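Colleague: I would like a close look at a single part of this model, with the cut-offs spelled out as you go.

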Amino acid sequence: MQYIDTHTHLYLPEFDTDRDEVVSRAVSNGIVKMLLPNIDIYSVDQMLDAVNRYAGICYPMTGLHPTSVKTDYLLQLDKLEQLFDKQKFIAIGEIGIDLFWDKSFLAEQIISFRRQIAFAIENGLPVVIHSRDAFPEVFTVLAEFKGKELRGVFHAFTGTLEDAEMAINMGFKLGIGGIVTFKNSGLDRVVCKTDPENLILETDSPYLAPVPYRGKRNESSYVGIINRKLADIFGIKEEEMASIVYSNSVSLFNL
């Protein structure tokens with residue numbers, strides 16, 4: 001079986017002591033590609049270092065994470081867009097709205113989200129959306145771009161069935177990670193009412209490790225655990241589930 005981890009922060013300090021070993025374990029467990037979302041202008045160099053070190057395995061995105069939207073967000077967006085002259089990116093992400101930690105920059109988050117969506121459409125790239133306590137706000141912005149050939153994924157999806165249906169109807173995939181293995185998350189009851197054709201796998205490592213590693217550092221080699229859980233939810237073989245989500249990822253990110 002082949003897997004793609006569509007969302008891993010491999011470049012973060014949590015992997016500084018054993019990054020080579022983490023990548024080696026991932027490859028040994030069937031992960032053939034690892035997609036790296038950006039956080040802000042200060043994380044770009046580390047991300048691109050990982051992409052260059054693991055060429056052919058790691059692929060970069062560019063974007064300004066909503067929790068990094070502060071007073072300098074316009075300057076950061078300018079600098080991130082300028083990177084397109086020097087580097088090829090597979091997506092704009094992760095971008096979106098986060099009202100869990102801080103609501104004081106909501107207006108700026110919306111402006112940033114809107115601008116990055118427009119930039120993605122202009123460059124023919126998918127978007128990787130971070131939405132935390134903000135599904136209504138995110139959907140409102142996305143509705144502004146109806147009919148503009150926008151595509152992407154709701155990363156680390158944890159919404160309701162109604163949220164899932166709305167995202168799918170807008171042409172988005174749902175990024176499913178370790179949360180689906182948590183006993184009381186309820187995500188399994190939402191996922192089972194969707195179609196596997198609308199799902200892709202991710203870890204969000206080093207965060208949100210699946211059971212039995214919950215609470216520990218997450219890594220890409222655990223993608224198979226998530227695939228196994230989804231196969232169980234849909235009552236199909238692991239190989240079939242892996243093939244479906246692999247194809248979904250290749251198509252979405254034009255890999």
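Leaving aside its neighbours within four places in sequence, which residues is Phe113 in contact with?

Modeller: This is a predicted model, in which local features need pLDDT of at least 70 and side-chain atom pairs count only at pLDDT 80 or more, while totals for chains, interfaces and linings use all residues. Residues are numbered from 1 along each chain as its sequence is written, and side-chain values use heavy atoms, with hydrogens and water left out.

With contact meaning heavy atoms within 4.5 Å, and with neighbours within four places set aside, Phe113 touches Ile95, Gly96, Ile97, Ile129, Val138, Val141 and Leu142. Phe113 and Leu142 are also among the residues with the most contacts inside the largest nonpolar core, which has 69 residues, and Met34, Phe154, Val191 and Leu230 are listed with them. Such a core is a set of buried Ala, Val, Leu, Ile, Met, Phe, Trp, Tyr and Cys residues joined through side-chain atoms within 4.5 Å, where buried means under 20% relative accessible area with a 1.4 Å probe, protein chains only. Helix α8, residues 223-234, gives the most to this core, with 6 residues; helices here are DSSP runs of H or I, at least four residues long, numbered from the N terminus.

The C-alpha trace spans about 45 × 40 × 30 Å along its principal axes.

Note on methods. Buried means under 20% relative accessible area, exposed over 50%, partly exposed in between (1.4 Å probe, protein chains only). Helices (H or I, at least four residues) and strands (E, at least two) are DSSP runs, numbered from the N terminus.
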